[in-house]
Amino acid sequence: MEALAMATVLLLVLRTAGRMGPAGNVDIGRGVDVLQRFGIIGDVLYGDVSNTKEMVTHDIIEGADRYAEVLNVTKNHTNLLNITFCPDLDCLFDVYFDGFQVDLADKPWKLLTTSRSRHMISERFGVPDIAMGFGQKFVIVSYKRPVKRIKTFDNFTQLAELKSTISDKFKCMSIGIESMVTDFITEHGSHYIDEYTLGDTVFQVLVYLPVFYNKFYKCVLNNCSESDTALLLSPVYTEYQGQVLSVGSDAVEKWVDTNLQVESKHGHTYVSLYALKNRPELCNEIVALMNDQSVVGLHLKTMSTFIPEPVKRKWFTEVLDNHVKLREVNL
């Protein structure tokens, strides 16, 4: 899609389980029903962490952690400040949910944002409600720091032992009876957690009128200077300056208010994440405050991968695919 193509770098991760550790139902090998409630992310994303009844994942594997490995993915991100262009709200969601993959779903964020008010969504982007209207364009400045990735072994579905009740249901499942698939999904899940990444991201969303967005975009295409970039990210050109937010750390958000103040050419001060550019001492300070236990990436694979019979596996996948596509269309 054009919006996605114009997003020069997909950088930003969602403001997800940042205020809650990975123990909050984000565990390798657990089942998730994305057709009903994408609760392991959805509720946490919108701060509803107390409603644990709707944050259900299912225990489907005997000792799943035995078949998982932890990879250290921390890198030196000093000065690796990123700028992303998004010409519409759909693209902004694509970028915001980058790092989250749900097999068979084209846009996982649709499963998360349904029934959420504009106010609630704009709050997560750190911009006013009115910025979520039609016609606005967006630029995202972000500083991403993944720390570790927890993933299943490549041959996980061959090694792992399903709970006996689940294996029995797969064996008894009859091809052509759709209700047997949907009933299974309701009880045990449509997908399972194959991997997730922990770390943190600090980001700022800026809102532009088309004329200034296009000016900035052309400037970047022509190797915009740092001084011109800083000016185009300032209130001189932006319609709204979003808050600088962290995926997982309140301490970061407090720190930026006093350490990333910039004076505009009109004499006013504003907070800009771009102030980190070429300031290694500030980068070191913000890294020390960033969280390393926020879920900043997740991959859900379909439960059908556990079905040994190819024909039955294909049938389960087709039924699930139809339901996922239908749900996405209707959201």
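How do the axes of helix α3 and helix α5 cross, and within what distance do they come? The views below are taken from a predicted model, in which local features need pLDDT of at least 70 and side-chain atom pairs count only at pLDDT 80 or more, while totals for chains, interfaces and linings use all residues. Residues are numbered from 1 along each chain as its sequence is written, and side-chain values use heavy atoms, with hydrogens and water left out.

**View 1. The crossing of helices α3 and α5.** The axes of α3 (residues 89-96) and α5 (residues 118-125) come within 12 Å and cross at roughly 55 degrees, and the two helices are therefore oblique to each other. On the α3 side L89, L92, F93 and Y96 meet I121, R124 and F125 of α5 (contact means heavy atoms within 4.5 Å). The residues of this contact divide into six nonpolar, no polar and one charged.

**View 2. The surroundings of S190.** S190 lies in the loop between α8 (178-188) and β6 (191-208), and is buried, with a relative accessible area of 0% (buried means under 20%, with a 1.4 Å probe and protein chains only). The side chain of S190 reaches the backbone nitrogen of V34 at 3.1 Å. Not counting residues up to four places away in sequence, S190 touches V32, D33, V34, L35, I185, K301, T302, M303 and L320.

**View 3. The pairing of helices α11 and α12.** The axes of α11 (residues 250-259) and α12 (residues 280-289) come within 9 Å and cross at roughly 155 degrees, and the helices are therefore roughly antiparallel to each other (angles over 145 degrees count as roughly antiparallel, under 35 as roughly parallel, 65 to 115 as roughly perpendicular and the rest as oblique). In this pair A251, V252, W255, V256 and N259 of α11 meet L282, E285, I286 and L289 of α12.

Key: Axes fitted to C-alpha atoms, helices over the stretch in contact; angles between N-to-C directions. Helix = DSSP H or I, 4+ residues; strand = E, 2+ residues; numbered from the N terminus. Nonpolar A, V, L, I, M, F, W, Y, C, P; charged D, E, K, R; others polar. Buried < 20%, exposed > 50% of the residue type's maximum accessible area, 1.4 Å probe, protein only. Polar contact = N/O pair within 3.5 Å; in protein donor to acceptor, adjacent residues only side chain to side chain.
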